[in-house]
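Good morning, colleagues. The sequence and the model are on the screen now.

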Amino acid sequence: MPDEPIKEVIDDRAHSGDLATPDDFTPPDELYKELVAKIKKYHPSDDFSLIEKAYHVADDAHKNQKRKSGEPYIIHPLCVAIILAELEMDKETIEAGLLHDVIEDTELSKDDVAREFSPEVALLVDGVTKLTQLSLSQDKIEIQAENLRKMFIAMAKDIRVIIIKLADRLHNLRTLQYQTAAKQYEKAKETMDIYAPIAHRLGISKIQVEMDDLCMQYLYPEIYKELRAKIHENLSEKGSFIDQMVAEVSEYIEEADIKAEIKGRVKHIFSIYKKMKTQGKTLDQIYDIYALRIIVDSIKDCYAALGIIHEKYKPIPGRFKDYIAMPKANMYQSLHTTLIGHDGRPFEIQIRTYDMHRTAEYGIAAHWKYKESGSKQVTKEEEKLNWLRKILEWQNDTKDNHEFMTAVKTDLDMFQDQVYCFTPEGDVKELPSGSTTIDFAYMVHTAVGNKMVGARVNGRQVPIETKLHTGDRVAIITSQNSKGPSMDWLNVVKSTQAKTKINQWFKHQLKGENVEKGKAALDAYCKAKQIDLNSLIRLSLVEKVLKKYNFRDWDAVVAAIGHGGLKEGQVVNRLLELDKQEKLAQGIGISNEEVLAELGDKRKELTASDIPSGGIKVHGLHDVAVRFARCCNPVPGDEICGFITRGRGITVHRTDCDNVLAMDEADRGRLIEAEWVSQEGDAANAFITSINIYGPDRPGLMYDVSSVFKEANISFLGIGSKVSKNGMSTIDLQFKVHSKEELRSLTEKLRQIEGVIDIERTQG
């Protein structure tokens with residue numbers, strides 16, 4: 001596939017997402033013709049009957065539905081199918097793309113799809129439907145982690161499910177301007193955190209590149225506009241240089257009698273921004289913004305072309321990378337070299353075959369092969385999805401949601417830069433940049449890491465914390481007398497796999513010690529609060545706690561408290577709430593009628609003038625004491641409800657409060673509708689809230705957090721910090737805000753602090 005001219009690429013990226021008005025949308029039938037034309041370019045079969053049927057079934061199912069833009073809904077599945085066709089996916093995937101919303105949004109069922117098309121298409125549509133129902137932008141870490149687990153399991157069953165989901169998300173991003181500002185930010189952040197890295201992991205740069213730039217427009221709009229303008233300005237200055245180099249290199253390659261296609265390519269805007277930020281460089285210091293790409297017929301021609309280029313231009317030392325001999329984990333292959341032009345200006349050249357170029361664009365999607373019989377094969381798919389298998393292993397190995405979320409997000413982020421090292425037998429191991437011999441040992445096998453006592457790199461014995469570089473030959477020295485990994489290793493290793501395995505070893509080895517620490521912490525907490533813990537640890541309550549925190553037995557909960565995975569107050573408060581609910585269910589509670597009578601039962605709707613600005617309107621009641629629940633600390637903008645209590649009026653909870661969600665039917669009868677008089681609050685009314693900040697402990701972390709609050713002119717009501725054995729810091733903060741929007745803005749600034757992995761709004 002030939003590259004677009006360099007100027008057109010810049011213009012396309014600059015205007016991605018700038019759609020026409022609803023009146024200008026392409027009619028569905030025209031889009032369908034475009035879809036068929038794209039499929040015909042690569043698919044050997046001329047039978048489009050099932051694809052046409054899928055189009056008509058989807059069109060009929062969505063006939064009364066409109067998108068936010070005002071366009072007919074069928075345009076969305078058609079555009080998703082076109083994206084899949086551009087990835088050259090099989091017909092079943094195209095059919096599923098056309099039908100991907102019918103189970104969720106229409107009366108058609110999975111059985112209907114299986115009967116009308118095939119069980120394979122039905123499974124794909126059902127898989128995408130289940131992914132669509134998962135929210136990966138939840139405030140609650142437990143829900144977010146559980147949804148991520150489900151997503152990776154769906155990917156493992158059939159990788160085409162996530163490819164359809166990526167196409168669906170890409171088209172939604174292209175039309176994101178029709179959503180509210182809050183929804184734009186939420187979808188862009190979720191995509192940048194999860195979906196774009198997954199597209200990169202699968203090697204689908206065609207989707208990942210556009211996702212990155214579209215998200216940047218909504219997450220960092222000012223930076224995006226400024227950077228785009230500078231690139232346009234540079235292009236006007238350097239465009240003639242690139243054209244000159246294309247002509248010059250074309251002449252050299254042609255003289256060598258090598259058949260090749262030579263084009264200029266431009267680095268996408270978010271990638272430039274990320275490189276500037278991580279490497280502390282200015283735009284002029286990045287050599288590969290504009291590069292030449294040489295595409296040839298064979299691997300032999302790749303190296304022949306490289307020889308010609310190095311003969312004609314002076315290569316910059318240390319800037320040559322051979323991704324053909326050692327492909328990236330996402331299947332990317334190419335030769336990269338940076339050279340000095342005849343006028344002294346540096347420029348980059350990438351050399352690859354047409355097959356490599358297709359793989360660079362389409363990744364895992366490029367390996368779907370078709371036979372006339374209709375059967376499919378995915379070439380070497382199992383080898384290419386090792387990272388997915390690792391994540392599935394982590395799901396089984398770690399029950400700690402924070403640990404799992406950290407592992408997944410760190411793995412997706414670290415994948416950007418890899419080093420490639422060799423075992424003594426010559427096998428290649430891929431590791432995150434900055435990895436040590438300890439990371440290498442755990443990459444070989446868990447037992448090798450646990451028994452490691454030393455290492456040799458390129459035949460020379462080195463300290464085990466030595467960092468590795470591409471091409472290093474590494475031999476791990478083990479001993480049966482080894483006492484196991486050191487806690488200090490957690491501060492040295494870079495790879496998620498090594499950290500996970502070391503943590504598992506300590507949790508297993510130190511479980512008894514952690515149980516004792518956990519018991520001591522529970523006893524101390526209950527003694528300070530004058531709580532009878534023994535009366536709470538009964539089977540009916542413990543089973544619910546185990547289910548909530550995903551543990552096998554009570555000792556595992558106590559051990560988690562001991563090593564810092566859970567807070568003792570969190571568990572005790574949960575037990576207290578469950579105990580209260582159980583007593584109410586046994587008849588100790590009171591009826592709604594009794595409480596309403598006690599409150600006065602003056603059935604008059606409150607008006608805004610009845611309560612102070614920033615207050616609460618409780619439907620059906622007037623002149624009733626209203627207080628905010630301390631378990632969830634609602635703020636203006638949260639969805640809320642009222643709970644009728646005896647003698648204390650109405651307690652206002654967030655609707656997603658753990659205590660509300662856990663209520664039995666008897667208690668739910670005492671819930672009553674409530675709403676904020678003002679969604680934004682005002683200067684006179686501030687509301688208590690609390691958050692936890694998670695990240696690796698480091699000097700200055702607390703100072704950086706305090707600086708954000710100082711800048712926002714917000715004071716702390718309470719602050720606490722603790723560091724777990726694996727070096728993870730948890731900072732507990734309590735403060736006041738005027739609205740949920742103010743809280744969101746504050747947490748986003750906190751997320752920009754170096755090392756902050758996650759922020760959770762706490763309850764209880």
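Glutamate 226 and lysine 230 both belong to helix α13, residues 221-255, where four residues, about one turn of the helix, separate them. Helices here are DSSP runs of H or I with at least four residues, numbered from the N terminus. The two side chains form a salt bridge, with the closest N and O atoms 3.5 Å apart; the term requires a side-chain nitrogen of Lys or Arg within 4 Å of a carboxyl oxygen of Asp or Glu. Glutamate 226 is partly exposed at 48% relative accessible area, and lysine 230 is partly exposed at 39%. Buried means under 20% relative accessible area, exposed over 50%, and partly exposed in between, with a 1.4 Å probe and protein chains only.

A word on provenance. This is a predicted model, in which local features need pLDDT of at least 70 and side-chain atom pairs count only at pLDDT 80 or more, while totals for chains, interfaces and linings use all residues. Residues are numbered from 1 along each chain as its sequence is written, and side-chain values use heavy atoms, leaving out hydrogens and water.

How many salt bridges does the rule give? The count comes to 19. One of them joins lysine 110 to aspartate 126, with 3.7 Å between the closest N and O atoms. This pair links distant parts of the chain, 16 residues apart: lysine 110 lies in helix α7 (residues 110-116) and aspartate 126 in helix α8 (residues 119-132). Lysine 110 is partly exposed at 33%, whereas aspartate 126 is buried at 13%.

The contact, meaning heavy atoms within 4.5 Å, includes Lys165 and Arg169 of α10 and Lys187 and Glu190 of α11.

Thank you for your attention.

Definitions and conventions:
Helices (H or I, at least four residues) and strands (E, at least two) are DSSP runs, numbered from the N terminus.
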